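Thank you for making time this morning.

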Amino acid sequence: LFDWIKWAPYTKDFTGSTDDDDDDWDTRDGCRVLGIAYSTEENTKEGSVVASYAVLCTADGELGDFVKMPWLMKKADSYMPKESQGKQEDMVALRKFIKHKRPHVIAVAAEDMDARGVLRDVEGILQDLKEHEDFPDALEVILVDNNLAKVYSNTPKAKADFRDFPDVLVQAISVARRLQD
């Protein structure tokens with residue numbers, strides 16, 4: 001009756017998918033998930049850009065680290081130099097973050113059709129890392145419905161647990177944890 005509710009934890013076996021002999025890709029204790037969330041709002045009431053966030057959740061679901069990306073949703077070929085330069089800086093920061101944190105999977109909040117653009121940007125970064133940094137071919141990017149993340153970010157528990165975090169960052173955490181549970 002409720003088959004559509006089932007959602008299993010994300011699992012992936014990276015055995016033999018890299019030349020590295022270290023345990024960076026071992027998933028026996030769970031997966032490190034990188035969650036990415038963005039806002040559909042252009043600017044805040046104060047006029048500042050609403051930032052996007054990428055957050056790494058450790059294998060046990062704890063917040064590992066995050067990176068703020070205020071220009072992620074802009075176009076790389078924007079006619080406004082500030083936007084195109086900002087987008088390029090965010091892509092470099094995201095690449096460094098992924099390279100350093102080595103997630104097992106990347107979850108992108110499927111807020112709207114713009115999520116496909118974020119997905120393509122991240123897939124481009126992964127392709128570069130696979131070619132130049134010995135990242136496994138099995139590493140994938142998944143679009144995750146973020147309706148639950150939006151609801152969670154407005155709950156008293158989220159406000160208490162992540163008091164100083166903006167809603168978009170809390171949504172990124174929630175999207176990453178959704179793949180883990």
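Let me begin with Glu131, which is exposed, because its relative accessible area is 53%, where exposed means over 50%, buried under 20% and partly exposed in between, computed with a 1.4 Å probe on protein chains only. This is a predicted model, in which local features need pLDDT of at least 70 and side-chain atom pairs count only at pLDDT 80 or more, while totals for chains, interfaces and linings use all residues. Residues are numbered from 1 along each chain as its sequence is written, and side-chain values use heavy atoms, with hydrogens and water left out.

Glu131 belongs to helix 2, residues 114-132, where helices are DSSP runs of H or I with at least four residues, strands are runs of E with at least two, and both are numbered from the N terminus. Its side chain makes a polar contact of 3.0 Å with that of Gln127; the term covers a pair of N or O atoms within 3.5 Å, where within protein one must be able to donate a hydrogen and the other to accept it, and residues adjacent in sequence count only if both atoms are side-chain atoms.

Staying with helix 2, what does it meet in helix 1? Asp121, Val122, Ile125, Leu126, Asp128 and Leu129 of helix 2 meet Lys87, Met91, Leu94, Arg95, Ile98 and Lys99 of helix 1, with contact meaning heavy atoms within 4.5 Å.

As background, most residues other than glycine have a negative phi. Asp134, in the loop between helix 2 and strand 5 (140-144), also has a positive phi, about 55°, although Asp134 is not a glycine; with a relative accessible area of 24%, Asp134 is partly exposed.

Finally, the whole chain: the protein has five helices and five strands, running β-β-β-α-β-α-β-α-α-α from the N terminus on, and buried residues make up 42% of its 181 residues.
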